Structures are given as structure tokens and as C-alpha cells.
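Open the model in your viewer and keep the sequence panel beside it. This tour goes from the whole chain down to single residues.

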Amino acid sequence: MICFGISLELYSLNFIEKVIAGMGHREEKHRRMELRRNIGNRKVRAIAPSSSQPFYSYLVAHACFNCQKSFKLNNQKDHVCPECGEKIYLMGRAFKAPKRGDREQWKKVQTLYAFGFRFHLYRGDYPALPERLREVGAFVAQYPDHELRVGEVERSLFPQEP
Ligand SMILES: [Zn+2]
């Protein structure tokens, strides 16, 4: 019988380094700047010119990886978790929070975030995000230019052993 313990599904830093090294840093940076510019343009167009509303006044999912909970908050400033006070992360409007207590799925979304994925609404064809935590490393290696991969790699966010 195979044991799918969480610890087996975590990636060693070596593995993460290899995935990152395989991407070609300069092209990566350029690509993401382009993507951000495109996304920025789309947002700007979506705002009515005469609107007195503040920019982006809608609520959007933020995740606390410490509590493994999601909160809908505006995205006008850096928020902290209402429950534990740790930094929380803007995930994007298409983010679907894993069920409470589903540690594997929470670590999966945390790992995707750490690799730079954001859950924006994005029209177009792109490979569906992986279902399981253990698939994330191979997925990133296979699709380093994925359309939803618009953020910087945040090494400190790769899940640690509990
Ligand atoms: Zn929290």
C-alpha cells in the first residue's frame, strides 16, 4: 500500500530551485511584466471614466495560509488576517477556497501562489491547474509560462513541514 502522507507531497528546496532554474529568469521577468501590463490595461478599461468610486472597490478573495482560511476583502491595501493577524494574500476573483480542514488542498494553493500563480479571471485557453499538491511541481516545470503565473516566486511561502 502506498502512503500519501502530506510530508511525501512537499517539495524539497532543491527541487524548487531546479524548477525555477529551468525557466530562464530574464525571459520570465519580461513575460510577467508584459502580462501585468496587459492585465493592468484590462482593469483600466473596466473602470468608468466619470466614476467617483475608488479603484477596485469590489471584494476579492484573500487567503491566510496560517489559518488556512479565505476572506473577502477589498484590494485597496495590504490586509492582515482578521483572526491571527498574519499577512494575508490577494488570491484573485476566481479563487475557490479549499474546504476547511483540507490541509492538502490548502498547501496546494499555497504552493501555486508561491510559484507565482494568481487566480484571476482570465479569458482564454490554458491548462487547468493541477488537482493535487503532488502534481504542482511537475505542472510548473511543464508550463512555466502559464497564463495565470503572473507573480514573483516567493520562496518563503513554500509550505513547511508542520
Ligand atoms: Zn490567519
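Show the whole chain and look at its contacts. Of the contacts between residues at least 6 apart in sequence, 65% join residues at least 24 apart. Two residues are in contact if their C-beta atoms, placed from the backbone, lie within 7 Å.

This is a predicted model: local features need pLDDT of at least 70, side-chain atom pairs count only at pLDDT 80 or more, and totals for chains, interfaces and linings use all residues. Residues are numbered from 1 along each chain as its sequence is written.

Now colour by secondary structure. The chain has five helices and three strands, in the order α-α-α-β-β-β-α-α. Helices (H or I, at least four residues) and strands (E, at least two) are DSSP runs, numbered from the N terminus.

Next, select Q68, in the loop between β1 (59-64) and β2 (69-74). Its phi is near 55°, a positive value in a residue other than glycine. Is Q68 buried or partly exposed? Q68 counts as partly exposed because it has 19 C-beta neighbours inside 10 Å. The cut-offs: buried means 20 or more other C-beta atoms within 10 Å of the residue's own, exposed means 12 or fewer, and partly exposed lies in between, with C-beta atoms placed from the backbone. Buried residues make up 20% of the 162 in the chain.

Move to α4, residues 103-114. Nine of its 12 residues are buried, so α4 is largely enclosed by the rest of the structure. Among them are W106, V109, L112 and Y113. Finish just after α4, at G116, where phi is positive, about 105°.

Definitions and conventions: Expected span 1.5 Å × (residues − 1).
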